[in-house]
Amino acid sequence: MTFDSPVRITLQLTTSASPRDQLTAAVKRMAFECGLTVSAVTTADPFPDLADHLSRHIDAGHLDGMDWYTHERAAFASDVRNLQASAVSILSVGIAYWPGPTTKPEDGIARGRISRYAWGKDYHRVLKRRMNVLLEKIAEYVDRPVDARNLVDTARVVDRAIAARSGLGWYGKHSCIIVPGHGSWVLLGELLLDLELTPDEPLNRNCGSCTICIDACPTQAIVAPYTIHAPACISFLTIEERGPIPLDIREKMGDWVYGCDVCQEVCPYTKASTPTDDSDLSPKSMNNAYPSLHWLLQMSPEQYGETYFGTPIPRTKRRGLARNAAVALGNIGGDSDIPILEQVLLDYDEPLVRGHAAWALGRLGGRRELKHAGSIERDAYVQQEISTASAM
């Protein structure tokens, strides 16, 4: 084992670390070698207050629109042994992904913004691939099969609760985990292991009196420290919402077409992050970071697939991305963008997108175009959007 033996021998010869401590140090070192920027350990013991915390959020309506997030799921998430009975320790890991300061090009093209985590390959796959390699190395190191399970976002656990208890980071008031040196630009995952590792202590840190993220949220979705009202969050609306975006929120969404980074961008800890260069998480084209809104409204299913399959973007589907592009164009566009919106209103194959194009035309003063479309549109929802837009 050429990659770990020298370090392990040094530990044995120069420290009085216990075998458990030595194993823990080796696991963390191997995690870094596998492309996992940070790692920390907690036990697989239950999270006693988590179910009540999540249930209060459900009852308050903060998770409305996520019908799959039930009280039963909240109870299940409070104990990782519901997923793996043999779990003894949890290795919380993260990949830092902030590339450094970036700005949208000023090239005369109306462009939207995609949240940075979605610029490159689907991080679920990236994390799982790297954790699988790590698991192979751990099994080789302990010289036995390891009963383990790797989890990324979609499993019935709460990544942030695990990260906080392990000391990987602490909760910011925007509800993201803030990791020292990286802010909240960290993608989280976990390995449930049947190994006894030395747990880390939670970090005794917090945001103090700072409310910058709360004050900066475009839609006031951070309704209290550590509390996000999902139905008002731009990330939820652009990704998870399948129907029309509420009228009173559209103009607050700016040019975001997938996700939103505002609360992270303004955070003082995030501003002090160390830039990283990870090719898996870098955009392969401008349309993967700052896409042309005209292109999003005109792209064929084939173009959509060629550009976004293998990234997180398909979560919102082609019609969702085009819907978001129509809203963004209504917010940042001008007279020259009216023709493309008229074309979308007349010809797009999804009523959802036509309806939001009508709203955008209303924002930009396209009354004549709305009147013409209204005379031939047969879908009741689109007709209502045209009527509302005409009265702007």
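Reply: **A strand residue and its setting**

The side chain of threonine 42 makes a polar contact with the side chain of arginine 165, at 3.0 Å. A polar contact is a pair of N or O atoms within 3.5 Å; within protein, one must be able to donate a hydrogen and the other to accept it, and residues adjacent in sequence count only if both atoms are side-chain atoms. The model is predicted, with local features requiring pLDDT of at least 70 and side-chain atom pairs counted only at pLDDT 80 or more, while totals for chains, interfaces and linings use all residues. Residues are numbered from 1 along each chain as its sequence is written, and side-chain values use heavy atoms, with hydrogens and water left out.

Threonine 42 belongs to strand β1, residues 38-43. Strands (E, at least two residues) and helices (H or I, at least four) are DSSP runs, numbered from the N terminus. Threonine 42 has a relative accessible area of 4% and therefore counts as buried. The term buried means under 20% relative accessible area, exposed means over 50%, and partly exposed lies in between (1.4 Å probe, protein chains only). Leaving aside residues up to four places away in sequence, threonine 42 touches Ser89, Ile90, Ile162, Arg165, Ser166 and Pro199. Such a contact means heavy atoms within 4.5 Å.

Valine 41 lies in strand β1 as well. Its relative accessibility is 1%, so valine 41 is classed as buried. The C-alpha atoms of valine 41 and serine 166 are 5.0 Å apart in space, although the two residues are 125 apart in sequence.

The nonpolar cores give the wider setting. A nonpolar core is a set of buried Ala, Val, Leu, Ile, Met, Phe, Trp, Tyr and Cys residues joined through side-chain atoms within 4.5 Å. The largest such core has 111 residues, and Leu127, Leu134, Leu297, Leu321, Leu341 and Leu345 touch the most other members. Helix α5 supplies its largest share, eight residues. A second, separate core of nine residues includes Ala40, Ala164, Val179 and Val186.

Leucine 345 shows what surrounds one of the members named for the largest core. Beyond four places in sequence, leucine 345 touches Arg354, Ala357, Ala358, Leu361, Glu369, Leu370, Ala373, Glu377, Val382 and Ile386.

Isoleucine 313 sits in the loop between α13 (301-308) and α14. With a relative accessible area of 0%, isoleucine 313 is buried. Its contacts, apart from residues up to four places away in sequence, are Ile114, Ala118, Tyr258, Tyr304, Tyr308 and Leu321. From glycine 181, which is 132 residues away along the chain, isoleucine 313 is separated by 28 Å between C-alpha atoms.

Lysine 317, in helix α14, has a phi near 70 degrees, a positive value in a residue other than glycine. Lysine 317 counts as partly exposed because its relative accessibility is 37%. Aspartate 143, in the loop between α5 (123-142) and β4 (148-151), has a positive phi near 60 degrees. Its relative accessibility of 69% makes aspartate 143 exposed.

A search of the whole structure finds two cavities of 30 Å³ or more. On a 1 Å grid over the protein atoms alone, a cavity is a set of points where a 1.4 Å probe fits but cannot get out, and lining residues have an atom within 4 Å of a point. Grid points are joined across faces, edges and corners, and a volume is the space filled by probe spheres set on the points. The largest cavity holds about 40 Å³, and its lining consists of Arg113, Ile114, Arg116, Trp119, Trp256, Asp261, Glu265 and Tyr290.

Conventions: On a 1 Å grid over the protein atoms alone, a cavity is a set of points where a 1.4 Å probe fits but cannot get out, and a pocket is an open set with protein on both sides within 12 Å along at least five of seven lines; lining residues have an atom within 4 Å of a point.
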